[in-house]
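Take a moment with the model below. The text then walks through the sheet, the helices, the loops and the pocket.

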Amino acid sequence: MGVIRGAICAENTQQDISAKSVELIETIFRVNNLSPCDIEAVIFSATADLDACYPAKAVRNRFNMPNVAFMCLAEMSVKSSLDHCLRVSVFCAKIQQNDCRHCYIGKAKCLRQDL
């Protein structure tokens, strides 16, 4: 099983959190050649400044994933860390960990400059 990681920044509105969550998952699907039926579980974390909605709700609805386990958690508050940030871990049995292509989009690219 592989766990694909990623992150993206959003404004604290229901519309933007939802749109950016969907964009992040779409990107993960595209670059890893996956479809919604390949996914076992998705864990989102959000910085404290993103509290307008749950990112999982938009993804579950957009990709019709009623049987996938979703969780949304609060990201640790660390001084000087990136704000307005959604992070994700996508668990997939179809892909091996060494083959995972992680997706850090926009301002969140700074979190993993090594990728």
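Which strand do two bridges join to S1, and in which sense do the two run? The partner is strand S5 (residues 103–104), and the pair runs parallel. Within S5, Cys103 is the bridge partner of Gly6. Some ground rules come before the rest. This is a predicted model, in which local features need pLDDT of at least 70 and side-chain atom pairs count only at pLDDT 80 or more, while totals for chains, interfaces and linings use all residues. Residues are numbered from 1 along each chain as its sequence is written, and side-chain values use heavy atoms, with hydrogens and water left out.

Strands (E, at least two residues) and helices (H or I, at least four) are DSSP runs, numbered from the N terminus. Two strands pair if DSSP finds at least two bridges between them. Strands of a sheet pair through backbone hydrogen bonds, either parallel or antiparallel.

Ala7 stands opposite Arg87 in S4. Gly2 has Cys92 as its bridge partner in S4. S4 also pairs with S2, again in the antiparallel sense, over seven bridges. There, Ile43 stands opposite Ser89 of S4.

How enclosed are these strands? Buried means under 20% relative accessible area, exposed means over 50%, and partly exposed lies in between (1.4 Å probe, protein chains only). S1 covers residues 2–9, and seven of its eight residues are buried, so S1 is largely enclosed by the rest of the structure. In S4, six of the eight residues are buried, so S4 too is largely enclosed by the rest of the structure.

Next, the helices. Helix H1 spans 14–31. Gln14 is found in H1. Gln14 touches Ala52 and Cys53, not counting residues up to four places away in sequence (contact means heavy atoms within 4.5 Å). The C-alpha atoms of Gln14 and Asp51 are separated by 8.6 Å, although the two residues are 37 residues apart along the chain. Thr27 also has its place in H1. Its relative accessibility is 13%, so Thr27 counts as buried. Leaving aside neighbours within four places in sequence, Thr27 is in contact with Cys103 and Ile105. Cys103 is the residue that bridges to Gly6.

Helix H2 covers residues 55–63, and its buried residues are Pro55, Ala56, Ala58, Val59 and Phe63. Seen down the axis of H2, they fall within an arc of 165°, so they line one face of the helix. That arc is taken over the directions from the helix axis to the C-beta atoms. An α-helix has 3.6 residues a turn, so residues three or four places apart point the same way. What do the buried residues of H2 pack against? They pack against H1, S2, S3 and S4. On the other side of H2, Lys57 and Asn61 are exposed.

Asn33 lies in the loop between H1 and S2. Asn33 has a positive phi of about 55° although it is not a glycine. With a relative accessible area of 62%, Asn33 is exposed. Asn64 lies in the loop between H2 and S3, just after H2, and takes a positive phi of about 50°. At 64% relative accessibility, Asn64 counts as exposed.

Finally, the empty space. Rolling a probe the size of a water molecule over the atoms shows where empty space is left. On a 1 Å grid over the protein atoms alone, using a 1.4 Å probe, a pocket is an open set of points with protein on both sides within 12 Å along at least five of seven lines, and lining residues have an atom within 4 Å of a point. Grid points are joined across faces, edges and corners, and a volume is the space filled by probe spheres set on the points. The largest pocket has a volume of about 160 Å³. It is lined by 13 residues, of which the closest to its centre are Ala46, Leu50, Cys53, Tyr54 and Pro55. Strand S2 (39–46) and strand S3 (69–74) each supply at least two residues of the lining. By class, the lining has 10 nonpolar, two polar and one charged residues. Here Ala, Val, Leu, Ile, Met, Phe, Trp, Tyr, Cys and Pro count as nonpolar, Asp, Glu, Lys and Arg as charged, and the others, Gly among them, as polar.
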